[in-house]
Structures are given as C-alpha cells and as structure tokens.
Amino acid sequence: MSFVPAPGYQPAYNPPVPFTTMIAGGLRVGMSVYIQAVAPSSANRFAVNFSTGQYEGSDVAFHLNARYDGRDRTVFNSSEGGTWGTEEMKKEMPFKLGKVFWLLYEITPNNYLVSVNGSPFYEFAHRLPMERVQWLQVTGDITLQSVCIIGCGQGVKGASLQMSAPQSGLPPMLGPPALNPSVPYTAAIRGGMIPKRTVVIKGIVNSNAKNFGINFKVSFSGEIPFHINPRINKSALIRNSFVNGTWGTEDKELATKFPFKQGDFFDLSIRSGVQNFKVFINGSHCFNFEHRYPNLQNIDTLEVNGDVKLCYVHF
C-alpha cells in the first residue's frame, strides 16, 4: 500500500543527492520546509537553495552553504542574473559531521527563519520576491533522510493548492503546523477525524525512552477511539481504544518490523478511512486499525505524551 500525501504536505523519503523538487504552488508566507539529513565525516560542504528554476544559472533567492574546511562556518547569500549578492556568514557549525540533524525553514513576510535541531539559527531577509521561488535544491556532501514541504500559504490572496490525481479526493492540510511543540502536547482537530483526514507527527524518540503515547480523543466524553502506544523497551507497538469506560482488545501485529528506536527520528502519518485508520511510518504502511467508535467527527482532540520530542505536528 503506497502512501499518498494530502494536499499541503509534500514529503520525500531518502531521496538521492543532488536533489531537486518543485515547490507545489510556489513559495508563500506560512509555509515551512523541513530537512532531516546527515553530513558524512568526510564532508567538505553542502548547500540548500530556494531557487526560481531547476537548472544551473537560475536565480537563487536564498542559499545556505555549510563549509567544513578548518574554518567551519555557514554562509548565506542570493544570486540574481548570474551575480552573487552580499555574503552573510555565521561562524558556527550546528551540522555536526556524522550526526543526524534537522533543519527547519519558516517563511515569513520579511525573511526566512532558520532553526537547527529545534533551536533558532539565522534570519535571512528576502532579497527576491518569494512568489518567484518555485524550486528547492540540495547539493553537496550530505545524505538526505527526508525533505518535507509543509503548508499551502494560507491567508495569501489568490493562493491555491496544486494536487495530483490521487490527492484530489483528500481534504487539504491547511495548518499552520505546530513547530517544535513541547510534550505533553494537546491540540484540537478542527472538524474531527472525518474520512480521509490526515495527521502527520514528526518526532524523535528520546535516547532513554521506554514508551510514548498518541491518543485521538473525544473531548466531551474523554473516550479514546484510537490509542497508539510504542513500547520501545519491549519492541511492541500497541493499538487500542477506550470507549464506554472500557479498554478494548489490543492490536499488536505489524506489516513491517518494529519501526521505533531510541534516539531515532520518525515520520508518522495517520489517515482516517471509511472503515479504519491507516498508519504509515517513514512513508511505508505499518498497520490499519479498525474503527471502534461510530462518529468520526467527534474525534476532535490529539494528544502526544511520553518519551518523545516533537519536531512538528500537521493536520
């Protein structure tokens, strides 16, 4: 079973480098771009470009260039008409060689807000109109684990989602996403978990984790129609429900091997179907959970707790 992302969420898992992808609908205020990667111990440099075109020589609205040459630093710039602009530099290297990092861009009316591993890193003012930016490029000495373009530019006059044919029947993910939220985490799901609605949870399992929990709840009754409980110390992924004051029968079977490890990232996508919840982890189908609660629209609250750190939550 292949994973079809909902409109407004554009992921790529383990793509080869150099990597180039179109930003569906173009770059707009309110969007975020998440990159999870590792620079090998032999790395010299890598770059991330927000570009107006996919080919060499296209204008680059924002160029981030990590350089490992004995004077480790991160350089920021733009290029227009074949000429580089004024270089900005930060003599800091948060991208440690051989270690996985996550790089997050938030697009604001005035700049690109860059954070690394959940901490603010740099602000780069717009030099080119963001509506010209149509492509994202990653090059150099880097191994990509995931690249996710999040959001549809909500609130921008005339903004619209572009979608493929398989996406056409899916409700859009409008966001904005919750970025680096604290745990325990609670959020309202507007309109409830109606059929075809998607929730995406990106996080990292704590290095000493024993377990964590994800609950889809009914706010007015406290019932939990869908409970996900990864037990790291037992390599068990438990699913259950708490309805009418009683826990149901646990589900444990998986379509894949146990997907969570201490210190590892995960990308969890939960989609509500007509008959069940379909759950994908890192782009691969992991399990289905048959509905045990009849009114999906009443499932209006998401909770995450336990031994986990969240990168973002989007629905």
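Predicted model: local features only at pLDDT ≥ 70, side-chain atom pairs only at ≥ 80, totals over all residues.
The largest nonpolar core comprises 40 residues, of which Ile35, Phe50, Phe95, Leu103 and Tyr105 touch the most other members. Two or more residues are contributed to this core by each of several strands, including strand 3 (32–38), strand 4 (45–51), strand 9 (100–107) and strand 13 (143–150). For Ile35, when residues up to four places away in sequence are not counted, the contacts include Val48, Phe101, Trp102, Leu103 and Tyr105, together with Val138, Leu144, Ser146 and Val147. In soluble globular proteins, nonpolar side chains tend to be buried together.

In one of them the side chains of Glu88 and Arg127 meet at 2.9 Å, N to O; because Glu88 belongs to strand 8 (residues 88–90) and Arg127 to the loop between strand 11 and strand 12, the pair ties together parts that are 39 residues apart in sequence. Glu88 is partly exposed, at 23% relative accessibility, as is Arg127, at 31%.

A salt bridge also joins Arg292 and Asp251, with an N to O distance of 3.6 Å. Arg292 is located in the loop between strand 23 (284–290) and strand 24 (301–306), and Asp251 in the loop between strand 20 (246–247) and strand 21 (265–272), so that parts 41 residues apart in sequence are tied together by the pair. Salt bridges with shared partners, moreover, join Asp59, Glu80 and Arg132 into one network.

Note on methods: Residues numbered from 1 in each chain as written. Heavy atoms only, no water. Core = buried A, V, L, I, M, F, W, Y, C linked by side-chain atoms within 4.5 Å. Buried < 20%, exposed > 50% of the residue type's maximum accessible area, 1.4 Å probe, protein only. Helix = DSSP H or I, 4+ residues; strand = E, 2+ residues; numbered from the N terminus. Contact = heavy atoms within 4.5 Å. Salt bridge = Lys/Arg side-chain N within 4 Å of Asp/Glu carboxyl O.
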